[in-house]
Amino acid sequence: MKLAVIGAGPAGLTAAYRLQQAGHQVEVLEALNVIGGRTHAEHFGPGHHCDTGAGWLATFYTHTRKLFDELGFSDVYLQPRTVRGAADLLIDGKLSPWPFRGPSVETSALLTPEDKVRYGAYIDHLMKIQSTNLTPDLAYDMRSAADEFAPLGERTVDIIMRTMFEGPFFSRLDTLSATMVRLWLRPLQDGFFFQVKGGMDAPWLKLAERLSIRTGEAVAAVRSKGTGVEVTSASGGRDYEGVVMAVPAPAAVRMLADQPALAPPWLGEVQYAPQVRVYAAKQISDDAHFGVHLLPPTDLFSIEWYSGRHGAWGACPADWQWGLVCTFGPTCEKFLDQDAQTVTQQLWEEARTVTPTMFSLAEADVVHYHRWEWAVPVMGPGHYRRLAAHQHRPPVVFAGDWMNNACVEGAVRSGEAAATAFGKA
């Protein structure tokens, strides 16, 4: 079959590769001029880059690691994660280690003995009944994460759970499904994390060399045509026997605006959390070692300022300092339409009120502003049940982390499921 894959992120590239293996003729159409989607890394010079979206892989990313093993990528690209990140909490102007798991919880002065007992019992129970493989337990999907965690007590929720989930997923606990946080909490207790040499997109760029990809090819519409589909872009319309739409849900809605029958009825209800980040770096050998989550968050959620010798969100030379300032997802939408230079200056200066000795933007050798309007899908209550009930219906099938779980692993699994829907040629 002649098939199109729309989107060259991990979901689309995985789907295209598996379809090609199955004997199909596959073309990948990517709206941007870069490949990798939210794994894109911005490069500033030899040995210096910043992962603009996803920043790590993990041992429990079983499908991603299997794919990388199959392609011979694991030994080439995966390395132990060394960056400490925003590992401290800033509460009322005081720094405290973030109690994350195990001994750090037991020794934390931020939690009462009763907090520790409740949290320990909850985790012990979770370890016994929850799958380690990011497999959703649908029994918990109709309630929110806030409701799930409420019995643990306000301090435990604010200090452990909000920091653990509202930062990385850019969404408040009351908007997330309890199923989602449970499936993440279990493997986080004993998982091991990797960074990717050369940038998060490095293995995906290598995989792309095996595929037929047209970048700068923004798709405007997907329409049913006979037993197949017509895909329309700026370069005209092309006919295919099927299409994998490996794009964020809002983008799929736009492409199917006049063909609602081709989409699941809930497609337009899938929400996304935005994210805005500012990265800057300065060539200076002085040591720097500072990383915090702000509690409660302001416009900012986290500030990281380190010497390259301590690791980086990507890679930074040892004789440089780097800083990464991340907004608080639930409140950062206001920045999306503002002037990038103004936002960059505002966020950096706010960060320097927290750590005044951090270098100024005027001193920086590198300054990079990055924003994602659709950073992470909000896997809200009921979403996993929708996914469980959804059946792929060629000639139009869907892929993306919103079709599985909000991470690279979810994107890979969704790409494989989409490819399986078309079978062998």
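The legends below accompany several close-up views of one predicted model.

Residues are numbered from 1 along each chain as its sequence is written, and side-chain values use heavy atoms, with hydrogens and water left out. Because the model is predicted, local features need pLDDT of at least 70 and side-chain atom pairs count only at pLDDT 80 or more, whereas totals for chains, interfaces and linings use all residues.

**View 1. The largest nonpolar core and the surroundings of Phe398.** A nonpolar core is a set of buried Ala, Val, Leu, Ile, Met, Phe, Trp, Tyr and Cys residues joined through side-chain atoms within 4.5 Å; here buried means under 20% relative accessible area, exposed means over 50%, and partly exposed lies in between, for a 1.4 Å probe and protein chains only. The largest such core has 107 residues, and those with the most contacts inside it are Phe149, Phe165, Trp184, Val222, Val244, Met245 and Phe398. When neighbours within four places in sequence are left aside, Phe398 is in contact (heavy atoms within 4.5 Å) with residues including Met245, Leu256, Leu267, His392, Met403, Ser414 and Ala418. Apart from this core lies another, of 24 residues, among them Leu294, Leu300, Trp348 and Phe359. In soluble globular proteins, nonpolar side chains tend to be buried together.

View 2. A salt bridge is a side-chain nitrogen of Lys or Arg within 4 Å of a carboxyl oxygen of Asp or Glu, and a search of the whole structure finds 23 of them. In one of these, Asp158 pairs with Arg162, their closest N and O atoms being 2.8 Å apart. Both residues lie in helix α7 (residues 154-166), four residues apart, which is about one turn of the helix; helices (H or I, at least four residues) and strands (E, at least two) are DSSP runs, numbered from the N terminus. Asp158 counts as partly exposed at 27% relative accessibility, and Arg162 also counts as partly exposed, at 29%.

**View 3. Salt bridges between distant parts of the chain.** The side chains of Asp258 and Arg223 meet in a salt bridge with an N to O distance of 3.0 Å. This pair links distant parts of the chain, with Asp258 in the loop between α10 (249-255) and β15 (272-283) and Arg223 in strand β11 (residues 219-225), 35 residues apart. Lys282 and Glu363 form another salt bridge, at 3.4 Å from N to O. Because Lys282 lies in strand β15 and Glu363 in the loop between α11 (340-354) and β20 (366-377), this pair ties together parts that are 81 residues apart in sequence. Lys282 is buried, with a relative accessible area of 16%, while Glu363 is partly exposed at 39%.

**View 4. Cys50 and Cys326.** The structure holds zero disulfides, a disulfide being a pair of cysteine sulfur atoms within 2.5 Å. For Cys50, the nearest cysteine sulfur is that of Cys326, 8.5 Å away. Cys50 is buried, with a relative accessible area of 4%, and Cys326 counts as buried at 9% relative accessibility.

**View 5. Helix α13 and the residue that follows.** The expected span of a helix is 1.5 Å times one less than its number of residues, so the 15 residues of helix α13 (residues 408-422) should span 21 Å, and this agrees with the 22 Å between its end C-alpha atoms. The helix is mostly covered, since 12 of its 15 residues are buried, including Val408, Val412, Ala418 and Phe422. Just after α13, Gly423 takes a positive phi of about 65°.
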